[in-house]
Amino acid sequence: MADQDIKNIIIVGGGTAGWLSAAHLAKTLKSNHPDGINVTLIESPDIPTIGVGEGTVPQMRESLQYLGLSETDFIRECNVTFKQSIKFEGWLHTASKGDGQNSYHHVFDYPSVSSLDLTPYWLLDKAKELSYVDAVTVQGKICDLGLGPKLITHKEFDGFTNYAYHLDAAKFSEFLTKHAVNNLGVDRRLTKVVDIMLHDDGSVKSVRTDSEGELEADFFVDCTGFSSLIMEKKLGVGFIDKSDVLFVDHALAAQVPYPKNDDAIPCATLSSAQEAGWIWDIGLSDRRGTGYVYSSKYSSHERAEEVFRNYLRPTIGALADELTCRSIKMKIGYREKFWHKNCVAIGLSQGFVEPLEATGLLIFDATARMLAEQFPAQKSSFPAVAERFNALVNNAWERVIDFVKLHYYLSERDDHSFWTDNRDKNSVPESLLKHLEIWKSGCPSAYDFPSRFEVFTKENYYYILYGMHFNTDIKRIKYRYQNSEKAEKEFQYIQKLTVELSGTLIKHRDLIERIKAYGLQKL
Ligand SMILES: Cc1cc2nc3c(=O)[nH]c(=O)nc-3n(C[C@H](O)[C@H](O)[C@H](O)COP(=O)(O)OP(=O)(O)OC[C@H]3O[C@@H](n4cnc5c(N)ncnc54)[C@H](O)[C@@H]3O)c2cc1C
């Protein structure tokens, strides 16, 4: 490959991953500037996007701000609601067993009000009459009360509590498209790629399209979804299958109306454990998005449909039996390489694990940003930058798999072999088993998550471990925690704040309606 400047990037694929990549690349590489890099996005009008992916994590807030998007417009145009937590229902044990407490929150607020980490003090019984989440933060209660994370008087992207969003995936793609084309200088081509041409060294030279001829570029981004047109089909980059660790491989998805227009909108994604997987239930401003993610090894498709319709019936009645469910086959795992020659895969073409912790958009947004920020000035730097990029993205996938598997491994459900097999140590990554061994006698610490680019941190682990009653016994090292008095005051302060905020914050649906009507103040 000749050592030349890079002037053109082609992205193939116009799903959420394609448009997030286009926006990050065009913004950072200054496509609007005469010396900037041109970004072209090709999307086929005949091949639909996957059309699911409605839950996000708080990093999305940072990205929207960075890309220069308005939170008010986003809420108005993408049927957005706020997400403050994932509420796990029925994950601890089989419903007929245990002490009745069978749900917990993974919230986004830090488990502290100062620099003092309250977790060891909670473990030492300082606030044990309360669940972990209710002792260390207000957010679980705020969610249970159906309250929003902010008021109409807050500025865009600001709030009392840390939050992410629920969004309509198709509308979000349109929203990003408009911004990327009108404001960031992305060139959009509606055409289908029918062939890919290579240079002698195996790098990508151009794509042949069915209506716009051959389009050349210096660099390509494969955002073609599960089909992975360039990375897998043309460049032959392999896929590391992880279905032996995470068993779910199918989803049934359905959009469901609210029974009444003024129904409460939950401020958390609801994740309900089922016999061979779990059901997500997301409240958007105009409808619910629901889906059953299950393992075809442990359930027939007919049985999965029955389980899904049974779940929906109590809230939508007879409609549950008439509803059309979309069936989606999922490939669980990730690519052997994410950057190969002059091509990077972002989105479902890069990898996928079940959406239990909304990691899809999180990883794709993070890798798009990472690519844009470290984009080389010349082609000769590709191999070195690619090596670093591949190592970072590989680590992100490995850590996501550990984190998702943790939810299954800690479950005591025994109603179905899907759950008991998930606890078979042979199916658990070594890295997770080692961490759990350490955490038996000490809390997760920053040393367990040494990369600056960790997807999940010790705080995320706290909420799952202690929400699921994992036993970290720190009595032997009690003497190391000498801030009991301060911790006690902070536990009390959190309870006081919970009461105060319960009176200040308004219902989630009211908040969304007010934002739609009046807008939020710009930053
Ligand atoms: C069941 C399920 C639930 C999910 N839930 C969540 C969630 O809650 N949160 C989350 O963050 N993520 C979630 N995800 C992941 C999320 O859906 C994806 O991250 C996101 O939609 C990105 O998809 P994509 O852009 O990679 O692919 P797609 O949406 O499939 O887009 C592929 C694009 O490539 C184009 N294309 C394909 N072939 C060609 C061709 N030959 N020529 C031109 N264009 C072509 C298509 O036209 C399309 O524009 C979920 C995924 C699944 C399967």
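1. At what angle do helix 11 and helix 12 pack, and how far apart are their axes? Helix 11 (residues 359-373) and helix 12 (residues 382-409) pack at an angle of about 165 degrees, and their axes are 11 Å apart. Axes here are lines fitted to C-alpha atoms, for helices over the stretch in contact, with angles running from 0 to 180 degrees between N-to-C directions. Helices (H or I, at least four residues) and strands (E, at least two) are DSSP runs numbered from the N terminus.

2. Two remarks on the basis of the note are in order. The model is predicted: local features need pLDDT of at least 70, side-chain atom pairs count only at pLDDT 80 or more, and totals for chains, interfaces and linings use all residues. Residues are numbered from 1 along each chain as its sequence is written.

3. Helix 11 and helix 12 are therefore roughly antiparallel to each other (angles over 145 degrees count as roughly antiparallel, under 35 as roughly parallel). From helix 11, Thr359, Ile363, Thr367 and Met370 meet Phe389, Leu392, Val393, Ala396 and Val400 of helix 12; contact requires C-beta atoms, placed from the backbone, within 7 Å. This contact of helix 11 with helix 12 comprises seven nonpolar, two polar and no charged residues. In this classification Ala, Val, Leu, Ile, Met, Phe, Trp, Tyr, Cys and Pro are nonpolar, Asp, Glu, Lys and Arg are charged, and the others, Gly among them, are polar.

4. Residues making the contact include Trp19 and Leu20 of helix 1 and Phe172 and Leu176 of helix 7. By class, the contact of helix 1 with helix 7 has nine nonpolar, four polar and no charged residues.

5. Around the ligand there are 39 residues, of which Gly15, Gly53, Gly225, Gly347 and Gly360 come nearest; a residue is near if its C-beta atom, placed from the backbone, lies within 6 Å. Helix 11 gives the largest share of this shell, four residues. The shell around the ligand has 20 nonpolar, 16 polar and three charged residues.

6. The protein is divided into domain 1 (8-79 + 166-241 + 332-398) and domain 2 (112-155 + 402-504), with bounds from an automatic or database domain assignment. Contacts link 11 residues of domain 1 with eight residues of domain 2. On the side of domain 1 that touches domain 2, the largest share, four residues, comes from helix 12.

Terms used:
Parallel < 35°, antiparallel > 145°, perpendicular 65-115°, else oblique. Contact = placed C-beta atoms within 7 Å.
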